[in-house]
Amino acid sequence: MVSALLRPITSKALKKTKFDAIIIGGGHNGLVAGSYLQKNGIDTVVLERRHVVGGAAVTEEIIPGYKFSRCSYVLSLLRPDIIKDLKLVEHGLKWYYREHSSFTPLRGSDRYLMMSSDHEYTRQQIAQFSKNDAENFFKYEAWLSKFARHMDKLLDVIPPGESKSSYLRLLAGRGILPDAHEFVDVLTAPATKILDRWFESEPLRATLATDAVIGAWQCPSTPGSSYVLLHHVMGGVGEREGAWAYVEGGMGGVSNAIAKFGLSVGLDIKTDAEVQSINVHDNKVEGVTLSDGTILESKVVLSNATPKVTMLDLLTSRELPNEYLSHIKSYDYRSPVFKLNVALDRTPKFSCLGNGHNNTAGPQHQGTIHLNSETTDMVDAAFNDACRGNVSERPVLELTIPSSVDPTLAPPGHHCASLFIQYVPYCPNSGPWNQQSKDEFVKKVFNQIDEYAPGFSDSVVGYD
């Protein structure tokens, strides 16, 4: 298991208590920051509360024999310079491309939409529902990719300031100004405005619309949701722009590679090291105090925790301006997602593909499987349920099975499945979540998957 590889290294007692920089949180962002600082001669320690580094990018054997990416589950937006600078491939990072990116079966039908890296195949699939959309799809992708390239020019740039003129100079200097009007539209418009401009058919619009809402408390008609369409094409893996991939061994493979590089240049990484407070005197940082009472000294403290935890829990209120405190306290952290990791003893058998499917993983299992989202109306209905404080009657389900391409995750013939389920309020009208209500909801989700892939419920070995 990936986590076990780092535990004996990171659990050693620290040999010193003074550092040039301290980083709170050993998620992948904290590890990247620590690695760069140490690489440039700044003596740094990364402190992680859990027994394993990685944060959201972690692999754990939740069910014996099955290794899951507990939170994040696909790779695309890790900056190429980071992969290169930190020599992540040399330190074990390996990935599998998703040659088939999505599969949307239509419930109660033998029809489905499958998207692939093979352009002609994808064109034929879309043409089943609309020949116009089949012709427009690759024009749409090229149009969106243009703005993804614009965004790429900005991602590593320090914001120029608050004035409008400084931003205009930034856009002009990077050749973006001629497209500024459309660019702003992509960043601020509802996804439906963009998709309705290009396409006329379902399930294509709904399949693309789910990219605009995944993980966000919004529906396709929410202003700003079109930015998330852009978000899904502005990354890349290796030499493939816009590609998404599964990391071998799960997402912990990313954090593991970063940590290995950090250790190779002298970075200190300490797990089971919960920070209790950031120590400040005369408005100057002096270090941190751990929950066991250990005091570590440094004039620089970076936090990989959330702004709310950092500013409200680790700092005392008197050290922050009231206006800033008010902003942090009102920050909206709502997520609509119920994340579910499931161990399976076989691959799902989708009824729309007929009875010829055996237990071999096929193209339909390799990408994102979209369920309960054949139309944008279905996505809107699920969102509206949650806005009323209720768990969606038919929640949008995004199912991925990374073991369909990565044999290191599960026993032979078995699989690890990840479910992003939305929209699910954290505090629904029915009352706080408990184990019984969670199990009842999971059973409901499995029953709805059975409507697309009969027998799915019977294939479940365990879940978390």
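**Notes on the helix packing and cores**

1. Let's start with a helix pair: helix 4 crosses helix 5 in a right-handed sense. Keep in mind as you read that this is a predicted model. The angle between the two helices is about 145°, and their axes lie 7 Å apart. Helix 4 covers residues 119-127.

2. Who makes that contact? On the helix 4 side you'll find His119, Thr122, Arg123, Ile126 and Ala127. Helix 5 answers with Lys131, Asp133, Ala134, Glu135, Phe137 and Phe138. Sorted by class, the contact of helix 4 with helix 5 has five nonpolar, four charged and two polar residues.

3. Next, the largest nonpolar core, which has 41 residues. Those touching the most other members are Phe137, Tyr140, Leu230 and Tyr423. The elements giving two or more residues to this core include strand 7 (112-116), helix 5 (131-155), helix 9 (204-213), helix 10 (226-231) and helix 15 (376-387). Helix 5 supplies the largest share, ten residues.

4. Setting aside residues up to four places away in sequence, Leu230 touches Leu144, Phe147, Ala148, Met151, Phe183, Val186 and Leu187. Another core, of 27 residues, lies apart from the largest one; Met114, Leu340, Leu399 and Ile449 are among its members.

5. Helix 9 is mostly covered, with eight of its ten residues buried. The buried ones are Leu204, Ala206, Thr207, Leu208, Ala209, Thr210, Ala212 and Val213. After the helix comes Gly215, which has a positive phi, near 80°.

6. Beyond residues up to four places away in sequence, Ala212 touches Ala191, Gln218, Ser225, Val228 and Leu229. Of these, Ser225 is worth a click: 13 residues separate Ala212 and Ser225 along the chain, yet their C-alpha atoms are 5.4 Å apart.

7. Last one: Ser35, which sits in helix 2 (residues 28-39). Its relative accessible area is 0%, and because buried means under 20%, Ser35 qualifies. Which residues does Ser35 contact, leaving aside neighbours within four places in sequence? They are Leu86, Ile258, Phe261, Gly262, Val265 and Leu267.

Definitions and conventions
Residues numbered from 1 in each chain as written. Predicted model: local features only at pLDDT ≥ 70, side-chain atom pairs only at ≥ 80, totals over all residues. Heavy atoms only, no water. Helix = DSSP H or I, 4+ residues; strand = E, 2+ residues; numbered from the N terminus. Buried < 20%, exposed > 50% of the residue type's maximum accessible area, 1.4 Å probe, protein only. Contact = heavy atoms within 4.5 Å. Core = buried A, V, L, I, M, F, W, Y, C linked by side-chain atoms within 4.5 Å. Axes fitted to C-alpha atoms, helices over the stretch in contact; angles between N-to-C directions. Left-handed = near helix turned anticlockwise from the far one by under 90°. Nonpolar A, V, L, I, M, F, W, Y, C, P; charged D, E, K, R; others polar.
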